[in-house]
Amino acid sequence: MSVTDLLHAIVDGILTGGVYALMAAGLTLIFGVMDIINIAQGIMVVLGAYLSYALSTHLGIGLLPGLLITVPAMFLLGVAIEFGFMRRLREVDRTGMSILITFAVAILIEGVLSAVFGVDYVQLHASYVDRSVRVLGFYLPYIYLIGFGLAVALLVALYAVLYRTKFGRAIRASLQNRTAADLIGVNVNRTRTISVGIGVAVTAIGGMVFGATSAFNPNSGYDLISRLLAIVILGGLGSIGGAMAAAILMLVINDVVAVWWSPTWAPLVYFAVLVVVLSVRPQGLFGRTAVRAQ
Amino acid sequence: MNIFRRCAVTALAIAMVSLLAACGSSSKGGAGSGSGPITIGASLSLSGDFSADGQAFERGYELWVHDQNAKGGLLGHKIRLEVLSDASSPAQVVSNYERLIGSDHVALVFGPFSTLLTLPSARVAARYGYAFVEGAGGGPAVFGTGLHNVFDVSVPIKDNLVTFAQWVASMPAAQRPKTAAYATTNDPFTQPQIPVAQHILQAAGVKTLSSTVFPSEVTDFTPIASKLASADADIVVLGSVDVPTVSSFVHAFIQQHYNPKIFIATAGPDQGAAFVKAVGAGNENGIFVPNGWYPGFQKADSLQMVKEYIARYGGSASDINADVAEAYSVGQVLAQAVEATHSFDQSKIISYLHSGVTLNSVQGPVKFDALGENTAQKTLTFQWQNGALVQTLPTNTPGSKPPLYPKPNWVG
């Protein structure tokens, strides 16, 4: 492997990591606020992709402008899911039961998507999807640059909401201690509902980028969920910045090993790194303890 | 006396229950007696990784059942199709055939989609002595197990790329591509095909620049595609099982400004309009795929099937997935065996299919060797040319059009 190939793999890993961070952000946010492991995150990414697909093919709305519709639509879906399913879970066994509940939600969404769109693979197209810009001898695809830019913007926006607004303080208070938050006047139920709405809404952005970089059908969510879970666990459940760092680390490791050694060994090396990190830092790179300390 | 009476009553009750159970199970699906319907069972991947292929297979089976019933069914019995979904899981496919054969006692079974799922399910069928006619389990792994009951109506896949490789090797030296790059998923359908093609091409002086195997769980193909692009080989041979894999490579190649002179993928481009939608209209132009059938195949029953498919499911001929023809052929071959033996007896059907007889299918002739591979057909190679998948190789075969070489540039 030449140095150029190695650098190319690192650049590819960083850019693709941004796309995965976009897809994982909602998952880690929902866990952070609700202690819920959202197994439906993969299918929600696919749903976001299908919404963009429907808007672009049937109404001629571009992928980026379409986010102005898909993000609020997914927000409402998140609110409905929180109200309809997540809120019903008892506090004591919330995390365990959430896996079953969100799996049911995933199957429900998958069934609806199959009925509406069929199972043939589709992919999102736009003039910039296949274009790239040459920088220092590398072709950098616009769609990955856009994905990375959106991931950074999203990270900054979520950070601003969490740490610079009253609502963000309410979220963090609910996250740290529900009873204490209740006592100081935080409407915990409403805070959680809106947080889940935001978590699902940001998935619309991840879905659009995913749909523009991969062909997908209603079953594509299953391939994603294990990777997304691995990212948020490494990053630290509940940490948006951790998800970004872990996604980039995961994809850089994956791409470098795939090019330098073999794609067959890439997942193994990543998971070996995950095990080592978790044995030293069980809460992940930026786990809940670190987040609360900020 | 009372004890004897009780014992006799109990024994009689057990016997009656057993009889009723036996009647119940045979009436559920077996051939039974009289002219009642028979059930043919199949497990298909209606969800999961192979869902697009599984649903195309279901349409093929349904279409054949409809046509056969219109002709009076099988030996005077109307046919009912029982399809169970295996979610593309090798574990579930085993449970499904256990249920279809062991519990539902279906009269006949059709195979699932893919070599991966055919292998474990053929073993279940063998245990019950059932003939296992299938259309998408052509990997060597299936035929290397010594099973006597498995019959693949399609072309054996290990030689899928031979026609293509021989065409490249036959080019005049000045025109012949000089280098090739190979990448394949670690699937029993794709992996055996690559070394065969690589051997022929290397013998013809086509140098291998890169050869990569990647796991089927890969969701990000960027590094593999980038590596192929940076190798800048004249030929790319991609061992793929589905549309997303090929589509990811196509888009990555476009982004990397890399357009090989020849691009062939083992599966994906055969999925009609779904493939074109994924890669973007125009980008499919010049891509090759080996197969045994395409919608424009000039054979009377194939053309009739295409017509019926469009009438039943809509769309156009180019929308039809080759899986439909593979599934339809399974029904045709099994029906010929049942009619020739005048029975649903599995051992008679198996013996007949092994007898060396040549049967007919929409994909062409079918003749099984001792392993159950179809030896009567040769692989054809198709190429997308101006929005249509056309037969190109072998060049001297009736119906073949001249291949586009070098591949036209991507439209982006």
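Reply: Two strands are said to pair if DSSP finds at least two bridges between them. The model is a predicted one, in which local features require pLDDT of at least 70 and side-chain atom pairs pLDDT 80 or more, while totals for chains, interfaces and linings use all residues. Residues are numbered from 1 along each chain as its sequence is written, and chains are lettered from A and ligands numbered from 1 in the order of writing.

Me: What makes strand 13 and strand 14 of chain B a pair?

Reply: Strand 13 and strand 14 (residues 388–393) of chain B are joined by five bridges, and the criterion asks for at least two, so they pair. Their sense is antiparallel. B:Gln385 faces B:Ala388 of strand 14. Two residues lie between the strands of this hairpin, in which B:Asn386 has a positive phi near 50°. Helices (H or I, at least four residues) and strands (E, at least two) are DSSP runs counted from the N terminus.

Me: With which strand does strand 10 of chain B pair, and over how many bridges?

Reply: Strand 10 (residues 287–291) of chain B pairs with strand 13 of chain B in the antiparallel sense, over four bridges. Here B:Val289 stands opposite B:Phe382 of strand 13.

Me: Why is strand 13 of chain B called largely enclosed?

Reply: Of the six residues of strand 13 (residues 380–385) of chain B, five are buried, so the rest of the structure largely encloses this strand. A residue is buried with 20 or more other C-beta atoms within 10 Å of its own, exposed with 12 or fewer, and partly exposed in between; C-beta atoms are placed from the backbone.

Me: What makes the pairing of the chain B sheet mixed, and which strands are its edges?

Reply: The open sheet has seven strands in the order 7-6-8-9-10-13-14, with mixed pairing. Strand 10 and strand 13 of chain B are antiparallel, whereas strand 6 (residues 179–185) and strand 8 (residues 235–239) of chain B are parallel, over five bridges.

Me: Which element of chain B gives the most to the side that touches chain A?

Reply: The contact takes 31 residues from chain A and 35 from chain B. Helix 9 of chain B gives the most to the chain B side, with seven residues. Residues are in contact if their C-beta atoms, placed from the backbone, lie within 7 Å.

Me: Why are helix 10 and helix 11 of chain A called oblique?

Reply: The axes of helix 10 (residues 240–260) and helix 11 (residues 266–280) of chain A come within 8 Å and cross at roughly 140°. Angles under 35 degrees count as roughly parallel, over 145 as roughly antiparallel, 65 to 115 as roughly perpendicular and the rest as oblique. The two helices are therefore oblique to each other. The axes are lines fitted to C-alpha atoms, for helices over the stretch in contact, with angles from 0 to 180 degrees between N-to-C directions. The residues that meet include A:Ile253 and A:Val257 in helix 10 and A:Val269 and A:Val273 in helix 11.

Technical notes
Two residues are in contact if their C-beta atoms, placed from the backbone, lie within 7 Å.
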